[in-house]
Amino acid sequence: MSMKLRASHTSPYARKVRAVLIETGLDTSVEIVDTDPWAPDTDLPSDNPLGRVPTLIMDDGSSLYDSRVICEVLDGMHDGDRLYPAEGPDRTKALSLLALGDGMCDSLINKVMDTRRPQELQSADWQARQMATLERCLDHLERNVSQLEGPLTIGTLAISVALGYIDLRGADLSWRDGHPKLAAWQATMEQRPSIAETRPPGST
Ligand SMILES: N[C@@H](CCC(=O)N[C@@H](CS)C(=O)NCC(=O)O)C(=O)O
C-alpha cells in the first residue's frame, strides 16, 4: 500500500472518495491519513496548495485533488463496473447528479462556516440563501427520484453522501419529512457498506 488519502472524518467530499474506495475494492490499497484542514499548523498545503481535503498522494509522491478528480482517477484503477459511465447520456446524468450532490454540500458548508463567525459578522440573509438552495435541491430530487434508480454511479453516491451530510450538519431541516421517496431511496443506500462504513461520527 503506498497511496495515501488525506481526509477528515466529517468532510463529505472525503467521504465520497472513501465510498468510492470501498465500492471499487481499492480500500486496501490506500491508507487514510486523518487531516484537519483547519488546524493552524497543518502541513496539508505542502501536498495541496488549496489546503483542502480530500487530497490523494500517489505512489510517486505527487498529489491529486479535488474529490471529483480523485474519484475519476480511482475509477480507472479497478476492473469492476465503472462509477463514471462512458461518454453518452448515462455519463451526463451521473456528472449532473455529482454536481448536484457536491453543490448541496457546498451550500451547507457555506452556511455552517458562517455560523462559526463572531455573531456580528454573520449574515442571516446568506445563511437563509444557502438553506433555500438546499430545500430546492431536496424538492428537485423528490420530484425526480427516478433519476436515482439504476446502476450505482458517482452521481448517486454523491447524492447519498450529501444527504448524509445534511444528517450531520443540517439535522434541524428534518429533510426526510416532506421527501418520502428520497428518504426511502437513501434508506436503501444506507445498506451499502460504502455508505454504512463511512458514516460521519455524530450523524443521526
Ligand atoms: N471541491 C472540493 C471541496 C473540498 C473542500 O472544500 N474541503 C473542505 C473540508 S469539507 C476543506 O478542506 N476546507 C478547508 C478550506 O477550505 O480551507 C472537493 O470536492 O474536494
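I count Ala, Val, Leu, Ile, Met, Phe, Trp, Tyr, Cys and Pro as nonpolar, Asp, Glu, Lys and Arg as charged, and the others, Gly among them, as polar.

This is a predicted model, where local features need pLDDT of at least 70 and side-chain atom pairs count only at pLDDT 80 or more, while totals for chains, interfaces and linings use all residues. Residues are numbered from 1 along each chain as its sequence is written.

**Ligand.** I got Ser11, Tyr13, Pro37, Gly51, Arg52, Val53, Pro54, Asp66, Ser67, Arg68 and Asp102. That shell splits into 4 nonpolar, 3 polar and 4 charged residues.

**Fold.** I then went through the DSSP runs (helices: H or I, at least four residues; strands: E, at least two; numbered from the N terminus). The protein has 7 helices and 4 strands, in the order β-α-β-β-β-α-α-α-α-α-α from the N terminus.

**Strand 1.** For pairing I wanted at least two DSSP bridges between two strands. Strand 1 (residues 3–7) runs parallel to strand 2 (residues 30–34), with 5 bridges, and lysine 4 stands opposite glutamate 31. Strand 1 also pairs antiparallel with strand 3 (residues 55–57) over 3 bridges; there, leucine 5 faces leucine 56.

**Box.** Along the principal axes, the C-alpha atoms fill roughly 45 × 45 × 30 Å.

Technical notes: Near = placed C-beta within 6 Å.
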